[in-house]
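This briefing goes through one protein chain, topic by topic. The sequence and the model are shown first.

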Amino acid sequence: MNRLIRWMQKHKIPLDASVLDIGTGNGVFLVELVKHGFSNVTGIDYSPSAIKLSASILEKEGLSNINLKVEDFLSLSTKLSGFHVCVDKGTFDAISLNPDNAVEKRKQYVMSLSRVLEVKGFFLITSCNWTKAELLDVFSEGFELFEELPTPKFSFGGRSGNTVAALVFQKSETSLDKVS
């Protein structure tokens with residue numbers, strides 16, 4: 001969370017920029033965003049109990065200005081759109097592990113992302129299941145790599161790698177939502 005917030009601060013993302021937390025879970029990232037001054041944040045999760053938990057955590061923190069929605073990112077029912085920043089800290093990983101047509105679900109994820117993120121908006125993704133090269137391939141249509149965030153490295157058997165991939169993409173002018 002701190003790595004993502006530091007990136008947003010470093011790149012002077014306006015504090016009133018609309019931020020979507022995809023798969024918000026318990027909403028702790030939303031709390032941190034607001035504590036760092038961000039004022040236009042939304043969290044979505046397909047699980048009503050996750051949203052209920054989020055709401056109770058936000059209430060305990062005294063935060064009432066955060067939008068929470070029960071929403072399946074793969075089949076968006078509301079008019080979610082126009083976000084300046086979308087953040088994923090594991091939802092894409094979870095979707096990718098789905099035994100029911102994971103390839104199609106990954107494509108749907110990319111289409112949904114293209115729909116909700118404004119042109120030139122930023123997508124911050126942290127993944128423990130996908131390498132940088134694999135994420136670049138998945139998000140190659142409609143998104144351009146903006147920056148790779150530093151993550152912990154390890155060495156084993158003479159090779160080194162990262163335990164997680166953390167990338168920032170920027171939505172290009174020729175994204176998928178122009179076609180759909």
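Is Phe92 buried or exposed, and what is its relative accessible area? Phe92 is buried, with a relative accessible area of 0%. The model is a predicted one.

**Overall fold**

- The protein chain has a secondary structure of six helices and nine strands.
- Its radius of gyration is 16 Å, close to the 16 Å that the globule rule gives for 180 residues, so the chain is as compact as a globular protein of that length.
- Taken along the principal axes, the box filled by the C-alpha atoms is roughly 50 × 40 × 35 Å.
- Buried residues make up 47% of the 180 residues of the protein chain.
- Of the contacts between residues at least 6 apart in sequence, 72% join residues that are at least 24 apart.

**Annotated domain**

- UniProt, in an unreviewed entry, places the feature "domain: Methyltransferase" at residues 17-145.
- The span of residues 17-145 is 38% helix and 27% strand, and its end C-alpha atoms lie 20 Å apart.

**Aromatic residues**

- The whole structure holds 13 aromatic pairs.
- In the pair of Phe92 and Tyr109, the ring centres are 5.0 Å apart and the planes stand at 65°, so the pair is edge-to-face; the cut-off for that class is over 60 degrees.
- This pair links distant parts of the chain, with Phe92 in helix H4 (residues 91-96) and Tyr109 in helix H5 (residues 102-116), 17 residues apart.
- Tyr109 is buried, with a relative accessible area of 0%, and Phe92 is also buried, with a value of 0%.
- Phe92 and Tyr109 belong to one aromatic cluster, formed together with Phe73, Phe123, Trp130, Phe139, Phe143 and Phe169.

**Helix H1**

- Helix H1 covers residues 2-10, and within it Leu4, Ile5, Trp7 and Met8 are buried.
- Why can these buried residues be said to line one face of H1? Seen down the helix axis, they fall within an arc of 155°, so they line one face.
- Arg6 and Lys10 are exposed residues on the face of H1 turned away from its buried side.

- Lys12 takes a positive phi of about 50° although it is not a glycine.
- Lys12 is exposed, because its relative accessible area of 69% is over the 50% cut-off.
- Lys120 also has a positive phi, of about 70°, and is not a glycine.
- Lys120 is partly exposed, since its relative accessible area of 41% lies between the 20% and 50% cut-offs.

**Thr42 in strand E2**

- Thr42 sits in strand E2 (residues 40-45).
- With a relative accessible area of 3%, Thr42 is buried, because the value is under 20%.
- Which side chain makes a polar contact with the side chain of Thr42? The partner is Asn67, at 3.3 Å.
- Leaving aside neighbours within four places in sequence, the contacts of Thr42 are with Val19, Leu20, Asp21, Leu30, Asn67 and Phe83.

- Gly25 lies in the loop between E1 and H2.
- At 23% relative accessibility, Gly25 counts as partly exposed.
- Not counting residues up to four places away in sequence, Gly25 touches Asp45, Ala50 and Ser54.
- Gly25 and Phe146 are 121 residues apart in sequence, and their C-alpha atoms are 26 Å apart in space.

Note on methods
Residues numbered from 1 in each chain as written. Predicted model: local features only at pLDDT ≥ 70, side-chain atom pairs only at ≥ 80, totals over all residues. Heavy atoms only, no water. UniProt positions renumbered as here; feature names shortened; annotations may be inferred. Helix = DSSP H or I, 4+ residues; strand = E, 2+ residues; numbered from the N terminus. Buried < 20%, exposed > 50% of the residue type's maximum accessible area, 1.4 Å probe, protein only. Polar contact = N/O pair within 3.5 Å; in protein donor to acceptor, adjacent residues only side chain to side chain. Contact = heavy atoms within 4.5 Å. Phe/Tyr/Trp six-rings, centres within 6.5 Å; stacked < 30°, edge-to-face > 60°. Arc of directions from axis to C-beta. Rg over C-alpha atoms; globule rule 2.2 N^0.38 Å.
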